[in-house]
Amino acid sequence: MTRSIDLWYWPTPNGWKVSIALEEMELPYEMKPVNIGAGEQFDPAFQAISPNGRMPAIVDPDGPDGQPLSIFESGAILQYLGLKSGRFYPQDPRGKAEVDQWLFWQVGGLGPMAGQTHHFRQYAPAIVRDQRQLAYGVNRYTNETHRLYGVLNRRLADRDFLSGDYSIADMATWPWILPALQGQSLDEFPHLEAWLARVGERPAVQRGRALGDEMRRNLAASGKAAEDARKVLFGQRAR
């Protein structure tokens with residue numbers, strides 16, 4: 001019997017990618033919370049697993065050689081889980097390349113750009129008193145996220161999923177489409193809107209998205225707790 005994979009996790013879009021994949025692939029796992037607002041990502045024990053000090057990360061006690069294997073970076077985790085389970089990740093070179101390019105598009109493009117959109121639209125207003133200083137950042141990243149929504153909308157005009165069959169590329173991308181937080185209207189992107197609903201109807205996606213939802217906090221809120229969390233998250237330098 002396969003032993004449970006340890007999932008080092010906090011309920012954010014990057015965390016949801018992996019919790020969704022584990023649910024879809026029906027792999028047993030145990031969630032290990034990493035409270036990023038409290039600085040738990042800096043714990044030496046966690047950084048031994050995730051040298052970048054970011055979640056998600058996994059430890060598979062049954063690695064390919066029978067020994068434990070730890071992996072950080074969500075894209076690498078999704079590839080590994082797809083290989084381990086034999087699901088949602090093609091093994092033929094053409095199919096694999098089709099999935100990989102959209103997976104890397106998400107981890108290198110949509111995620112970072114949408115993340116900056118979240119920062120400037122949600123969190124920075126609670127940090128910077130002169131809101132005029134934020135205008136360029138808000139416009140820059142909101143516009144780039146709009147462009148990336150357009151890329152997805154064109155891609156999905158003639159297909160149900162990003163790479164033919166439903167795959168880890170869809171699992172990686174879906175959590176990052178948060179139009180209300182990103183200054184976007186899905187009325188402009190009907191194919192993306194239909195895909196968002198299509199993926200969101202999957203029971204495993206719903207379970208993965210709900211994992212640890214009770215732990216989420218509003219980092220844009222007023223008050224000392226939210227202010228301290230913002231200092232932890234947005235004031236990091238090399239250690």
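Strands β1 and β3 pair in the antiparallel sense over three bridges. Strands count as paired if DSSP finds at least two bridges between them. Helices (H or I, at least four residues) and strands (E, at least two) are DSSP runs, numbered from the N terminus. The model is predicted: local features need pLDDT of at least 70, side-chain atom pairs count only at pLDDT 80 or more, and totals for chains, interfaces and linings use all residues. Residues are numbered from 1 along each chain as its sequence is written, and side-chain values use heavy atoms, with hydrogens and water left out.

The sheet is open and holds four strands in the order β2-β1-β3-β4, with mixed pairing. β2 (29-33) and β4 (69-72) stand at the edges with a single partner strand each, so one side of each is left without a neighbour in the sheet. From one strand to the next, the twist averages 20°. Axes are lines fitted to C-alpha atoms, for helices over the stretch in contact, and angles run from 0 to 180 degrees between N-to-C directions.

Strand β3 (residues 57-60) is joined to β4 by four bridges, and the two run antiparallel. Ala 57 has Phe 72 in β4 as its bridge partner. Ile 58 is partnered by Ile 71 in β4. Trp 8 stands opposite Ala 57 in β3. Both faces of β3 are covered. Ala 57 and Val 59 on one side, and Ile 58 and Asp 60 on the other, are all buried. Buried means under 20% relative accessible area, exposed over 50%, and partly exposed in between (1.4 Å probe, protein chains only). Helix α3 lies across β1, β3 and β4 and runs at about 135° to β4. Contact here means heavy atoms within 4.5 Å.

Pro 56 lies in the loop between α2 (44-47) and β3. The peptide bond from Met 55 to Pro 56 is cis, with omega near 5°. Two residues other than glycine with positive phi also lie in loops. Glu 26, in the loop between α1 and β2, has a phi of about 55°. Glu 26 counts as exposed, at 63% relative accessibility. Glu 73, in the loop between β4 and α3, has phi near 80°. Glu 73 is partly exposed, with a relative accessible area of 42%.

The largest nonpolar core has 54 residues. Such a core is a set of buried Ala, Val, Leu, Ile, Met, Phe, Trp, Tyr and Cys residues joined through side-chain atoms within 4.5 Å. Ile 58, Leu 81, Ile 168, Leu 192 and Trp 195 touch the most other members. At least two residues each come from β1 (5-9), α1 (13-25), α3 (74-85), α4 (93-123), α5, α6 (168-173) and α8. The largest share, eight residues, comes from α4. Apart from this core lies another, of 13 residues, among them Ile 36, Tyr 123, Ala 229 and Leu 233.

The axes of helix α5 (residues 135-155) and helix α8 (residues 190-200) come within 7 Å and cross at roughly 80°. That makes α5 roughly perpendicular to α8; angles under 35 degrees count as roughly parallel, over 145 as roughly antiparallel, 65 to 115 as roughly perpendicular and the rest as oblique. Tyr 149, Leu 152 and Asn 153 in α5 meet Pro 190, His 191 and Leu 192 in α8.
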